[in-house]
Every structure is written in structure tokens, then in C-alpha cells.
Amino acid sequence: MKSITRQKPFNEIEQQLEDLDRIFIVGCGTCATMTRTGGREEVLEMKNRLQGLGKMVTGWIVIPTACDEMTEVAFRENNGAIQDANSILVMACALGVHRVSLYIGKPVIPALDTLFIGIEDSPGDFHEVCAQCGQCVLGETAGICPITACHKGLLNGPCGGTNNGKCEVDKEKDCAWTLIYQRLKEQGRLDLMRKYRPPKNFQVVPRPKVARIV
Amino acid sequence: MVPSFKEALNSGKFVVTSEIGPPKGTNIEKMCHHIDLLKDMVDGLNVTDHQSSVMRFPSIGGCLAIKEQGGEPILQMTCRDRNRLALQAELLLAHARGIRNVLCLTGDAILVGDHREAKGVFDLDSVQLVRTVRQLESGKDLGGNDLNGAVEFCAGAIVTPEARPIEPQLIKFENKVEAGAEFFQTQAIYDLDNFSKFMQYARQFPVKVLAGIVLLTSARMAKYMNENVPGIFVPQNLIDELTRAPKGEALNTGIEIAGRMIAVLQKDSVCDGVHIMAIGREEVVPDILAAAGL
């Protein structure tokens, strides 16, 4: 599982930092390194660009996993440079931004947009496969999630927008229900395409989602 | 009193429906003119629901206008823009105002329309929407709560006989029949042999099927649909026929083609009727009917 991110347009980052001139940069050694959005290289490039704008970069760090509790330790170790800064620019996913915000009483600015939680099918090729809906139907859909892989999240078969196995919104995208149909057919389980699936419960865990494992 | 669409469907006659596209804006003059022109020539008039995800005057508004003008409306409802509360509420409104027919559709994707950053809802899908109609008829809403006054609708759905691969679409067709769809209006069909094969299959189900006839206005439009509209295949011989049409005559050729297809479908009793979609050229629907000998 990886948090897939994309760097914000630089002018948006610049805007967010408009009145903030002393910046400490935080990268992440896990997902954002893998997606090349917040690893060492990207952090150093950001440092140069910010300096090019006349900002002072008081320091930088690539935390091994920005979203976990070790972030607090990393922050204590870099306390001086952080105290010198008047803002923290986080090059991690929103989970990292959230974590950093817990420890700092200064503006925490995201440099990335978090796109989805996905997997890497092949190097550099990331896919969303689960929408974390809380009501898994994969057992009936041959392991392909219609909530996630169908653009419209349809539960009872393909819409009329499918064409030669592709999706109406993008000719490069596979139609999830055509894939599900093909796999179920191979497995001799097409009867599952005929099974009625009632309207989904969108409140399995109402937002904000919380789980306490005891 | 005009027979209802349901009565027409069950009368055994060759049923004809057509379509009204509401305007973008509050000027409904042209829409009302089209309604006036067509209401006595057809057995029902569909009103599209933000067709192609383009924001317009609502389907229910068009249906109310048809009622006011003495026609028989078929309310198109997509699942794209309303959650289950809003869909049910609109069905209550429709029934209370005398609308008795509803066509349940998934709805085009937001991304093909003119508000591309909007949230696509799809809280229900088309099969679930058909079942929702039946649930409301039982006097209860989707939450299982009692209604003070139930609905009653002739509920239909759509099918794409030329989709490839076809089997998943046929399974969905059967799921819609199972959900309680009484009639089907198809996506545009042009290959009558292929459509006849589909009808041989569809005849085994207790539903009425109206073939979708989309007016071809030029060879360019036909080619465009082949390349861009899922489930529509205009055969080359029809494209050639449109290409051969003298300058300024392509529309007339399109009217002839539509009329000819309708005449064959009726003569050979291929299906139970036709649904004519003239998309922006509603004023020529009478000419299509004349060309079909209807």
C-alpha cells in the first residue's frame, strides 16, 4: 500500500508561502520517495527553488516514514533549524502533513497533492485498487473492485458507455465490468453477474472514520 | 382522452416515442413548440435528463410542460446527479403531478459534459433505480418507511444491442427485467440484421422493446458517432448513402434512412415500436414518421 502523490504546481506552493520566508523542508523516505515527489532528490531541488525565490531554508530532513510516531523524534533532533523557521513545507502525503501538524505550532504547508492509496503494478505504474468502502465485494467480482475500477462505481454490471472493453471516460482505461465479466466467465461463475446487489451502505464507518482495535 | 403510454404498449400496436431536449436556460419556447408539434403524433415523449452531462432545464420540468400541453411524458432519470433521497423525492413529485412513465438510466459520466469538475453521484445504479420505483409502489421507501401515498409507474430501462462484447450487456438487460422494467428503449441501432438477432433473444422476456432510431444528419455525424459514441455502429453503406446525397440534401437522406428502417421494423414486426431521437432536429420528426408511412 502506498500513498500516491503529485507535486503541486510550483506557483501554488509559492502562493502558500507568500508571507513565509524562513522554511524548513520535510520529505518522506517511504511513499513519497517511491513516487519521486518527496525523496532526498526532490527535497534538495525544492530547497534550491525556494532559495531562488529569496527564501531562507533553515534546514531539511527526509523522515523515514513521515506519517508514523517517529516523526516526533526526528523533529526533536532538528529542533534548532525548526525553531529558526517560520513555516514547515512538507513533501509527503497528507498523512505526513497531518502528523507534522501535531508537533508544530507553526504553519505547515503541503507541497504535494495526495491522489490515492494504491499499489505499484510495475515500476512507476501506480493503480488505485481499493476505495476503503468498508463493505468488500471482491469475492463476488473476481478480485476486481467495481467501486474503485468502474468510473461510476456501479454494483450491478456495466453501463452503456463501455466500448470494446474500454471506459467511456478514457479509451485507455479498461471497463471494470468487462474485466469482471471475463474473469468470472473463466472461473465458470457468471451467475454472480446476475446476482442483485442492493444499494450500497455509504455509512459503514461514518466520516470521520475511526476504528479502535482492542 | 389520450391512451396512456402503458395502454399503448399493451395494445399490441406499433408504439412510437420521441424525445424532447430541454433548453439551457429559462426560455422554454422552442421546447414547448416541439412538444406541441409532436404530442399527438407519438405515444410518449421522453425528456432527457442533462443529456451528455450538460446542465440544462430539468427533465421533470419538461415532463410537466408536456402534461400541461396534453401530452404523455416519459421521465428520464439518471443516477448521476441525485442521491437516493433526491431520486425518490422526484419520483413522488412526478407521480403527484400525473407523470406515469419513467425511464431509468445510469447516466453519462460527468467527464463528458460541461461541468467536468462536478461530483458524480451514482449513489444508485440503473438496476437499483428500477427496483426503487417498485419499492415506492409497494408503499414503502428505500429505508423501509411507510409512504403516505404510493407511486405507480410504467418503468423502463435502456439496452445497447450493438455493444461489444454483448454478453455483459445482455446479463444487465436481464437484471433490469428481473428488477421490474416493463419496457426498453434501445441505444441507436442501424444494422437491422444484428438487431433482429437481438430481438430473437429479447422476445423470450415479458417486456416491450422500442428500437432506438437516431436521425443521421450527415456522413460526418455518422462517422463521428462510430468513433466516439459507445455502442453505436453506422454501417458503411449508410455512410455512403449520406455521402452521395447532393449538397444540402444529407438531412433529407437521413430522414429517408430513418423512415425506411422504421417501416421495415414495423412491417416485419421485429420489435414493439421505435423511439425516435432527432437530437436538436425535433421539427423533422413528423417527416420521419411520414417517410415511415406512419
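User: Which strand and which helix of chain A each supply at least two residues of the lining of the largest cavity?
Analyst: Strand S8 (166-167) and helix H8 (176-186) of chain A do. Keep in mind that this is a predicted model.

User: OK. How much space lies in that largest cavity, and which residues lie nearest its centre?
Analyst: The largest cavity holds about 130 Å³ of space. It has 17 lining residues, and the ones nearest the centre are A:Cys150, A:His151, A:Cys159, A:Cys167 and A:Cys175.

User: And the lining by class?
Analyst: For the largest cavity, 10 nonpolar, three polar and four charged residues.

User: Switching to pockets. How much space lies in the largest pocket, and which residues lie nearest its centre?
Analyst: About 2,300 Å³ lies in the largest pocket. Its lining runs to 49 residues, with A:Glu128, A:Ala131, A:Ile147, A:Thr148 and A:Cys150 nearest the centre.

User: Which element gives the largest share of that lining?
Analyst: S6(A), with five residues. In chain A, strand S6 (112-122), strand S7 (125-127), helix H7 (146-149), strand S9 (170-174) and H8 each supply at least two residues of the pocket lining. By class, the pocket lining splits into 25 nonpolar, 10 polar and 14 charged residues.

User: Over to chain B. At what angle do the axes of H8 and H9 cross?
Analyst: Helix H8 (residues 219-228) and helix H9 (residues 236-244) of chain B cross at roughly 155 degrees, and their axes come within 8 Å. That makes H8(B) roughly antiparallel to H9(B), because angles over 145 degrees count that way.

User: Which residues make the contact?
Analyst: On H8(B), B:Ala219, B:Ala222, B:Lys223 and B:Asn226; on H9(B), B:Ile239, B:Leu242 and B:Thr243. Those contact residues come out as four nonpolar, two polar and one charged.

User: Last one: is B:Gln88 buried or exposed?
Analyst: B:Gln88 counts as buried, because its relative accessibility is 10% and the cut-off for buried is under 20%. B:Gln88 belongs to helix H4 (residues 84-96) of chain B.

User: What does B:Gln88 touch?
Analyst: Leaving out residues up to four places away in sequence, B:Gln88 touches B:Thr132, B:Leu136, B:Asp141 and B:Leu142.

Notes: Residues are numbered from 1 along each chain as its sequence is written. Chains are lettered from A and ligands numbered from 1 in the order in which they are written. This is a predicted model: local features need pLDDT of at least 70, side-chain atom pairs count only at pLDDT 80 or more; totals for chains, interfaces and linings use all residues. Side-chain values use heavy atoms; hydrogens and water are left out. Axes are lines fitted to C-alpha atoms, for helices over the stretch in contact, and angles run from 0 to 180 degrees between N-to-C directions. Helices (H or I, at least four residues) and strands (E, at least two) are DSSP runs, numbered from the N terminus. Angles under 35 degrees count as roughly parallel, over 145 as roughly antiparallel, 65 to 115 as roughly perpendicular and the rest as oblique. Contact means heavy atoms within 4.5 Å. Ala, Val, Leu, Ile, Met, Phe, Trp, Tyr, Cys and Pro count as nonpolar, Asp, Glu, Lys and Arg as charged, and the others, Gly among them, as polar. On a 1 Å grid over the protein atoms alone, a cavity is a set of points where a 1.4 Å probe fits but cannot get out, and a pocket is an open set with protein on both sides within 12 Å along at least five of seven lines; lining residues have an atom within 4 Å of a point. Grid points are joined across faces, edges and corners, and a volume is the space filled by probe spheres set on the points. Buried means under 20% relative accessible area, exposed over 50%, partly exposed in between (1.4 Å probe, protein chains only).
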